[in-house]
Structures are given as structure tokens and as C-alpha cells.
Amino acid sequence: MNSWINLDALWKIVVVGLLTGAGLPALFALGLRLLNPPGPSGPTGEAAVDRPTAGPVGYALAVLSFAVVLASIGWGISVIVGHS
């Protein structure tokens with residue numbers, strides 16, 4: 001191991017950075033997609049007037065994804081405030 005680079009700490013930082021940097025926005029986008037599912041398109045390629053609703057399972061999964069994102073934000077704020 002190099003005395004200048006701590007590889008054990010480096011991989012932990014990379015994993016947490018990927019999860020919070022790309023994972024949380026992707027989870028938020030998934031929650032939005034669950035609330036507004038794509039509908040069938042008309043014969044001209046335009047969106048049909050009757051769009052499907054999310055349904056109870058879609059709403060439950062969207063709420064769960066939003067709760068995970070909010071909990072992660074709250075945990076991050078508590079870690080930052082706790083170390084000062």
C-alpha cells in the first residue's frame with residue numbers, strides 16, 4: 001500500500017459518492033416515473049388523451065422512493081451538523 005494513498009478509504013469514498021451522487025437522483029426520478037406512468041400513444045405518435053394512473057402500487061412505491069431520498073438527506077445533514 002502506498003503511504004500517500006489510503007486505498008481502503010478511497011474505495012469507500014468512491015462507493016458513497018456514486019450512491020449519493022447518482023443513486024439518489026435516479027431514485028427520485030424513478031419515484032416521479034412511478035407517479036406518472038407512460039401511456040399508449042395514438043396512431044400519429046401523439047400522446048393519447050386517456051393516460052393511465054399510477055394506481056395504489058405505483059403510489060406506494062413512489063412514496064417509498066421519496067422517503068428513502070428524504071431519509072438520506074436528513075441523515076447527511078445530521079452527520080454534517082454532528083461533526084461541527
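**Reading a helical model: a dialogue**

Tutor: Let us begin with D8 and K12, which lie 4 residues apart in helix α1 (residues 7-35), so that about one helical turn separates them. Please keep in mind throughout that this is a predicted model.

Student: What do the side chains of D8 and K12 form?

Tutor: They meet in a salt bridge, with 3.6 Å from N to O, and this falls inside the 4 Å cut-off applied to such pairs. The count of salt bridges in the model comes to 1.

Student: How are D8 and K12 classed: buried, partly exposed or exposed?

Tutor: The classes rest on relative accessible area, with buried meaning under 20% and exposed over 50%. D8, at 40% relative accessibility, therefore counts as partly exposed, and K12, with a relative accessible area of 43%, is partly exposed as well.

Student: Where does α1 bend?

Tutor: The bend is at G23 and amounts to about 35 degrees, with a proline, P25, following within four residues.

Student: How is a pair of aromatic rings described?

Tutor: In general, one gives the distance of the centres and the angle of the planes. In this model, a search of the whole structure finds 1 aromatic pair. Its rings belong to F28 and F66, whose centres are 5.4 Å apart and whose planes stand at 50 degrees, so the pair is classed as tilted. It links distant parts of the chain, since F28 is in helix α1 and F66, 38 residues away, is in helix α2 (residues 55-82). F28 itself is partly exposed, with a relative accessible area of 39%.

Student: How many helices and strands does the chain have, and what share of its residues is buried?

Tutor: The chain has 2 helices and 0 strands, and 11% of its 84 residues count as buried. As for contacts between residues at least 6 apart in sequence, 49% of them join residues at least 24 apart.

Notes: Residues are numbered from 1 along each chain as its sequence is written. This is a predicted model: local features need pLDDT of at least 70, side-chain atom pairs count only at pLDDT 80 or more; totals for chains, interfaces and linings use all residues. Side-chain values use heavy atoms; hydrogens and water are left out. Buried means under 20% relative accessible area, exposed over 50%, partly exposed in between (1.4 Å probe, protein chains only). Rings of Phe, Tyr and Trp (its six-membered ring) pair if their centres lie within 6.5 Å; planes under 30 degrees apart count as stacked, over 60 as edge-to-face and the rest as tilted. The bend at a residue is the angle between axes fitted to the seven residues ending there and the seven starting there. Contact means heavy atoms within 4.5 Å.
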